[in-house]
Amino acid sequence: MQTIAIFGAGKSASHLINYLGKICANNQWKLLVADADFSLSKSKTEKFPDAEAFSFDVSDKEKRHSFIQKADIVISMLPPALHLLVARDCIDFSKHFLTASYIDMHLRAFADDIAAKQLLFIGEMGLDPGIDHMSAMKLIDRIKKQGGQITSFKSHCGGLMAPESDDNPWHYKISWNSANVVAAGNSGAYYKSEGKIKEVLYPQIFADPGQVVDVPGLGTLAWYANRDSLSYIETYGLHKINTFIRTTLRYPAFCRGWNKLIHLGFTNENDHYEIRNCKTFSDWFFLKMNKQVNDKQLSEGFMNAEFNAQVDFIGLRSNEYLPVPITNSATLLRYLLEKNLAMKPTDKDMVVLLHEIEYASGNDNKKAIKSTLMVRGEDKIHTAMAKTVGLPLGIAAKLILENKIKLTGLHIPVISEIYEPVLFELENNGITFNEQEYDL
C-alpha cells in the first residue's frame with residue numbers, strides 16, 4: 001500500500017490533509033499525519049478511513065524514524081528550521097520529500113546524496129514560493145518559444161483579507177504563521193531595476209509609499225521586495241533581463257503602519273534588556289516612543305489618525321499586563337497580532353498573485369502580459385492560504401505515486417516535467433489565472 005506521511009497539522013496543512021485524505025480513500029493509499037498536538041492531527045484525519053493521526057516531539061529520533069519508515073513520500077509542514085532534520089532521515093531511509101519552504105544551502109549540500117539514491121526532493125512547492133514559480137515559468141517558456149525577449153519580470157503575491165472581511169485599520173488579519181509576519185523583510189532585499197542592482201535594508205523595506213501596483217478587479221495594492229530576487233534570474237533563465245523583482249502584496253495602510261512599527265523598534269528580536277522592566281503593553285509602547293523622541297527620529301505627523309487607530313486596535317497602548325516570560329519586542333508583537341488580528345470564524349481571506357512581464361517580439365514590437373490569480377477562502381479554517389499552499393504539495397505527492405512525475409534529484413518546480421502536470425491539476429481544483437496581453 002502506498003503511504004504519504006505529513007509532519008505538521010497546523011493552519012497551512014488543513015487543505016493538504018483534506019485533499020490527500022480523499023485521494024488516499026479513492027486509491028486505497030494510506031495517509032499519516034503527525035503533530036505535537038494530537039487533538040489537532042486527530043481532528044483533521046478522523047473523517048478519512050485511510051488516515052491515521054500521530055503525536056510526538058519531532059526531536060524524538062526514534063519516533064521520527066519509525067514514522068518516516070512507514071511512508072513512501074514525506075511532506076514537511078514544519079517550521080523551516082526543522083525541515084533538515086526530516087530531510088536527512090528521508091535520505092537515510094530512501095523516501096521522497098516535499099516541502100513548501102525555500103531550499104537553503106544546508107539542503108543543497110545533500111543534492112548529490114539525493115541523486116545517488118534516485119530520490120525526488122522538491123522544495124518551494126507551495127504558493128509563494130511554488131505556484132508563483134510554476135505559473136511564471138509557463139509564461140516565460142511560452143514567450144521564449146515564440147521568439148520573444150523578456151525585458152522586465154515582476155511577480156507580486158500576498159495573503160490578504162477579502163473585501164467583505166476587511167474591517168480593521170490594518171486591513172490585514174493573520175491567515176498563516178504570525179512569526180513570519182513579524183519577521184517579514186528583516187533580511188533586507190536585492191533585486192534588479194532598469195539594469196541596476198538594488199539593495200534595500202530592513203528599515204527601508206516598507207518605507208516607499210510609491211511602491212504600488214494595480215490588480216485587475218481589486219484596485220491598488222502596495223508591495224515590498226522579497227529577500228534575494230537576484231538568485232532567481234539564473235533559475236528562470238532570464239540572464240539579459242533589465243528588471244527582475246519578486247514582492248509581497250499588502251494594502252497600503254498596512255505598509256505605512258508596519259514601517260512605523262519597525263522604526264519604533266517593535267519588531268526587535270534583541271531588546272530584552274531594554275524592555276525587561278515594562279509591566280504593561282502601555283509601558284512598552286511609551287518606552288519605545290520616548291526613546292525615538294529622544295533620538296529625534298519622529299517627524300511631525302508621525303502619530304496621525306491612521307497610526308493611532310492601528311496602535312489601539314492591536315492593543316499597543318493597553319494596560320494589559322505583559323505575558324511572561326518577556327523575551328523581546330518581536331515576541332510581544334506576535335502575541336498582540338495573534339490576539340487582535342485573528343480571523344473570525346466566518347472571515348474570508350484572499351490570495352492574490354500577479355505576474356507583470358514585458359517583452360520584445362518580432363519586428364521589435366513591445367508587449368506586456370498581466371497574469372492574475374485571485375483565490376478566496378471559505379472561512380477561518382478553509383482559507384485561501386491553506387488551499388494555495390497545500391494543494392501543490394498534495395498534487396505533487398499524488399503525481400509521484402502515480403508515476404506521472406518521474407524525476408529524481410533536488411528540484412524546485414521551474415521545469416516543465418513538474419509545472420505542467422501540477423498546473424493542470426490546480427486548474428481542475430479551481431486555481432486558475434486570468435491573463436491579459438497588450439501592446440506597449
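A word on what you're looking at. This is a predicted model, where local features need pLDDT of at least 70 and side-chain atom pairs count only at pLDDT 80 or more, while totals for chains, interfaces and linings use all residues. Residues are numbered from 1 along each chain as its sequence is written, and side-chain values use heavy atoms, with hydrogens and water left out.

Now step back to the whole protein. Its secondary structure comes to 16 helices and 16 strands; these are DSSP runs numbered from the N terminus, with helices being H or I of at least four residues and strands E of at least two. The radius of gyration is 23 Å, close to the 22 Å that the globule rule gives for 440 residues, so the protein is as compact as a globular protein of that length. (That radius is taken over C-alpha atoms, and the rule is 2.2 Å times the number of residues to the power 0.38.) Along its principal axes, the C-alpha trace spans about 65 × 65 × 40 Å.

What about inside and outside? Of the 440 residues, 53% are buried, where buried means under 20% relative accessible area, exposed over 50%, and partly exposed in between (1.4 Å probe, protein chains only). Take contacts (heavy atoms within 4.5 Å) between residues at least 6 apart in sequence: 72% of them join residues at least 24 apart.

Arg 64 sits in helix α3, residues 61–69, and is buried with a relative accessible area of 5%. Leaving out neighbours within four places in sequence, the contacts of Arg 64 are Phe 7, Phe 56, Val 58, Ser 59, Leu 85 and Asp 89. Further along, Ser 135 is part of helix α7 and counts as buried at 6% relative accessibility. Not counting residues up to four places away in sequence, Ser 135 touches Leu 353, His 355, Leu 423 and Phe 433. By contrast, Asp 50 is 85 residues from Ser 135 in sequence, and their C-alpha atoms are 32 Å apart in space.

The loops have some details to look at too. Pro 129 lies between β6 (120–122) and α7 (131–145), and a cis peptide bond with omega of about 15 degrees joins Asp 128 to Pro 129. In the loop between α6 (111–116) and β6 you'll find Gln 118. Its phi is near 55 degrees, a positive value in a residue other than glycine, and Gln 118 counts as exposed at 59% relative accessibility. Asn 403, in the loop between α15 (384–401) and β15 (409–411), also isn't a glycine, yet has a positive phi of about 65 degrees. At 48% relative accessibility, Asn 403 counts as partly exposed.
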